[in-house]
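This report describes the packing and local geometry of a single model. Please consult the sequence and the structure shown below while reading.

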Amino acid sequence: MARRSGGLFAHHVPGRSPVHRAPLGLKVGLVVAVGASTWLVPSWQGSLAVLAVPAALTVVARLRPGRVARSLLAVAPVLVLLGLFQVVTQGVGDAVEVVSGILACYLAGGLVTATTPVTEMVDGVVRLARPLRRWVDPEVVALTLGVMLRSVPWVAGAFGEVRESARARGLERSPRAVVAPVAVHVVAYGRRTGEALAARGLTDPAPWPHDDGPPPADR
């Protein structure tokens, strides 16, 4: 059985749309602007208008509706519970405002990961971290981000495969049949990743230029 494509956060989707060709700084600025707008807009109508911006950009980016839908299904249970809580405690208007604001930020972040290659994101983070190299090693930050971005789609794929296997055995309703194998796969993946990094000498970074080295041994 062919594996279904993941959601917006699974991996980069190649393309030549205006969203794909936009610089990383502009995309990050969009995420910041959407996040700020969810706080500054004081009405549920305004929140829906903010949500319409990243929703429209998913169409401009030519992202498949199925991919977007799978991303939304991943957060749907939390959003439904949160929406119901807001309806009971604050009213329908506030529920729409909160849920649409979260969806807007979620879609905006997904657009960045879906339309930007991992190497470009890592390079962008390194450039941002260089002014802070006295406190943060940019190369370590880049390595951490790269491992994280490559691990998320792997874990999502492992979960999908285990769930399909459990469904084939009629155990799709058993949490143990899904959670336990995924946990084993994730631990094994983490150990293999750590061993690969250690084999390349990347787990113990060299001293920074401004470090004075280890203290002298007591005589």
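Leaving aside its neighbours within four places in sequence, with which residues is His-20 in contact?

## Basis of the model

This is a predicted model, in which local features need pLDDT of at least 70 and side-chain atom pairs count only at pLDDT 80 or more, while totals for chains, interfaces and linings use all residues. Residues are numbered from 1 along each chain as its sequence is written, and side-chain values use heavy atoms, with hydrogens and water left out.

## Surroundings of His-20

With neighbours up to four places away in sequence set aside, His-20 is in contact (heavy atoms within 4.5 Å) with His-12, Val-13, Pro-14, Gly-15, Lys-27, Ala-61, Ala-114 and Thr-115. His-20 belongs to helix α1, residues 18–21; helices are DSSP runs of H or I with at least four residues, numbered from the N terminus.

His-20 has a relative accessibility of 10% and therefore counts as buried (under 20% relative accessible area; exposed is over 50% and partly exposed in between, with a 1.4 Å probe and protein chains only). Its side chain makes a polar contact with the side chain of Ser-17 at 2.6 Å. A polar contact is a pair of N or O atoms within 3.5 Å; within protein, one must be able to donate a hydrogen and the other to accept it, and residues adjacent in sequence count only if both atoms are side-chain atoms.

## Nonpolar cores

The largest nonpolar core comprises 18 residues, and Leu-8 and Leu-63 have the most contacts inside it. Such a core is a set of buried Ala, Val, Leu, Ile, Met, Phe, Trp, Tyr and Cys residues joined through side-chain atoms within 4.5 Å. Two or more residues each come from α3 (44–60), α4 (65–89) and α5 (92–115), and α5 gives the largest share, seven residues.

Beyond four places in sequence, Leu-63 touches Leu-8, Val-13, Thr-58, Val-68, Leu-111 and Ala-114. A second, separate core has five residues, among them Val-162, Ala-166, Ala-177 and Val-178.

Helix α3 has 17 residues and spans 25 Å from first to last C-alpha, close to the expected 24 Å (1.5 Å times one less than the number of residues). Its buried residues are Gly-46, Ser-47, Val-50, Leu-51, Pro-54 and Thr-58; they pack against α2 (24–40), α4 and α5.

Arg-62 lies in the loop between α3 and α4. Although not a glycine, Arg-62 has a positive phi of about 60 degrees. Most residues other than glycine have a negative phi. Arg-62 is exposed, with a relative accessible area of 64%.
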